[in-house]
Amino acid sequence: MLYKPEAFEPLTQTPWDPARVRDAIRRIVTDVDTSFDTDELWPADEWDRWKAPTPLKGLYVGAVGVIHALDVLRKRGLAETRIDLVAAATRTLAAFRNEPDFLHAEDLPATPESALFEGETGILTVAWRLSPSRDLELSLLEHVRRNVDNEADELMWGCPGTLIAASTMLDWTGGGAEWLDASRESAEALWSRRDADGLWMSRLFGVARATRLGPVHGLVGNVLALHRHLGEARRAELFADTAAILERTAVLEDGLANWPMRIDRPLESDDGEIRLQWCAGAPGIVASAAAYLDESLLLAGAELPWRTGPPGMVKGPGICHGTAGNGYAFLKAFERTGDEEWLARARRFAVHALEQIERRGHGRYSLWTGDVGAALYAADCLEARTAYPVLETWD
């Protein structure tokens with residue numbers, strides 16, 4: 001069995017209508033604006049704030065992720081926020097420095113404040129883009145350099161995440177020497193820790209080193225961060241080795257494919273769940289490895305979330321483990337094949353994600369798990385954009 005049918009729900013029969021989608025995006029932004037508090041930022045969902053002090057500030061489930069999404073939607077002409085985003089980002093940075101929203105009683109990596117998703121790096125990157133300053137840039141550069149040897153070799157906490165920040169700043173600053181050096185240093189360090197089998201071993205939350213496959217904590221996320229900084233020969237080696245690993249670890253059934261969370265485990269994890277979402281399972285593998293994954297395997301992985309239908313309301317509409325996240329697999333299949341049917345499927349999932357927000361009620365304020373992430377996905381479907389937010393594009 002590649003999935004648990006009870007985790008999914010029938011796909012909406014509502015047709016794709018660009019005007020209705022734009023209206024839904026504007027409603028999300030209006031709700032985000034209304035719920036903003038200058039001091040307390042946004043209220044946190046119970047799952048998002050688990051073991052963490054509020055307000056939440058970080059890129060993954062905190063305020064700066066919402067601020068970034070509002071900025072992107074504004075720049076793309078889809079919704080105009082009333083919030084002063086520069087002031088909001090400044091407040092978020094100050095609040096984080098006063099009380100980082102790290103998980104209580106967890107064994108964090110040595111430099112948690114340098115994390116892209118959970119630390120100050122993501123906040124600084126968004127703040128710099130909104131209002132560039134040398135002070136912000138130097139603080140960000142320091143975090144990137146401090147995180148080079150982080151033992152959590154994965155995007156959320158480790159060097160791969162800060163490599164993405166360094167790559168982004170390299171582009172935004174026009175290739176400055178500081179950011180070129182910082183990017184090279186992180187890329188060389190990450191490459192050097194890749195083992196003879198083409199894998200990374202990452203220690204996180206005190207758990208013994210374990211090789212994971214997905215984009216957040218594992219292989220395909222590291223490859224996504226690293227590949228642009230390699231020469232042609234190394235990049236070809238990286239892609240070929242990773243494609244072979246994904247072929248070897250794929251679980252196939254009736255022309256469909258899914259992947260386990262870890263290379264040495266079955267599809268069904270210890271909690272009895274089989275994950276089929278962006279952060280773990282076929283959608284994330286397809287979305288992250290589309291550039292090099294064997295096409296027949298890519299299509300088998302993309303077909304599975306279409307057959308299952310959207311995740312149910314327990315997972316919800318978001319881009320991490322929800323409907324919109326699964327939809328990025330369809331956008332990547334469209335990019336790879338040029339087949340408009342995949343774009344049509346992606347758009348159907350966008351409609352469903354927006355309807356899930358209406359069913360649940362607005363009010364989840366985060367980029368990866370909340371309403372604005374689904375709004376970004378819907379925006380990508382409107383414009384047939386296929387790049388996954390932050391990891392591939394900040395636009």
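**Buried residues, core and open spaces**

In this predicted model, Asp-101 is found in the loop between helix H3 (85-98) and helix H4 (120-130). Asp-101 is buried, because its relative accessible area is 6% and the cut-off for buried is under 20%. Leaving out residues up to four places away in sequence, Asp-101 touches Ala-52, Pro-53, Pro-55, Leu-56, Lys-57, Gly-58 and Phe-96. Pro-55 is 46 residues from Asp-101 along the chain, and yet the C-alpha atoms of the two are separated by 7.6 Å. Another residue in that list, Lys-57, has its backbone nitrogen 2.8 Å from a polar atom of the Asp-101 side chain.

Arg-364 lies in the loop that runs between helix H13 (340-360) and helix H14 (371-383). With a relative accessible area of 13%, Arg-364 is buried as well, because that value is also under 20%. When neighbours within four places in sequence are set aside, Arg-364 is in contact with Asp-45, Trp-47, Asp-48, Thr-369, Gly-370 and Asp-371. With Asp-48, the link is a polar contact of 2.9 Å between the two side chains.

The largest pocket has a volume of about 1,100 Å³. It is lined by 39 residues, and the closest of them to its centre are Trp-47, Tyr-60, Met-156, Phe-205 and His-217. Strand E1 (202-204) and strand E2 (207-210) each supply at least two residues of this lining, and the largest share, three residues, comes from E2. Sorted by class, the lining of the largest pocket has 22 nonpolar, seven polar and ten charged residues.

The second largest pocket has a volume of about 270 Å³. Of the 15 residues that line it, Thr-168, Asp-171, Arg-228, Leu-391 and Glu-392 are the closest to its centre. Here helices contribute to the lining: helix H6 (159-172) and helix H8 (219-226) each supply at least two residues, and H6 gives the most, with five residues. The lining of the second largest pocket divides into seven nonpolar, four polar and four charged residues.

The largest cavity has a volume of about 70 Å³. Its lining is made up of Ala-7, Phe-8, Glu-273, Ile-274, Arg-275, Leu-276, Gln-277, Pro-311, Lys-315 and His-321, and by class these are five nonpolar, two polar and three charged residues.

Finally, there is the core. The largest nonpolar core has 136 residues, and those that touch the most other members are Ile-25, Trp-42, Trp-259, Trp-368 and Tyr-377. To follow one of them, Ile-25 touches Leu-73, Leu-78, Ala-79, Ala-375, Ala-378, Ala-379 and Leu-382, again not counting residues up to four places away in sequence.

Note on methods: Residues numbered from 1 in each chain as written. Predicted model: local features only at pLDDT ≥ 70, side-chain atom pairs only at ≥ 80, totals over all residues. Heavy atoms only, no water. Helix = DSSP H or I, 4+ residues; strand = E, 2+ residues; numbered from the N terminus. Buried < 20%, exposed > 50% of the residue type's maximum accessible area, 1.4 Å probe, protein only. Polar contact = N/O pair within 3.5 Å; in protein donor to acceptor, adjacent residues only side chain to side chain. Contact = heavy atoms within 4.5 Å. 1 Å grid on protein atoms, 1.4 Å probe; cavity = no way out; pocket = protein on both sides within 12 Å on 5 of 7 lines; lining within 4 Å. Points joined across faces, edges and corners; volume = space filled by probe spheres on them. Nonpolar A, V, L, I, M, F, W, Y, C, P; charged D, E, K, R; others polar. Core = buried A, V, L, I, M, F, W, Y, C linked by side-chain atoms within 4.5 Å.
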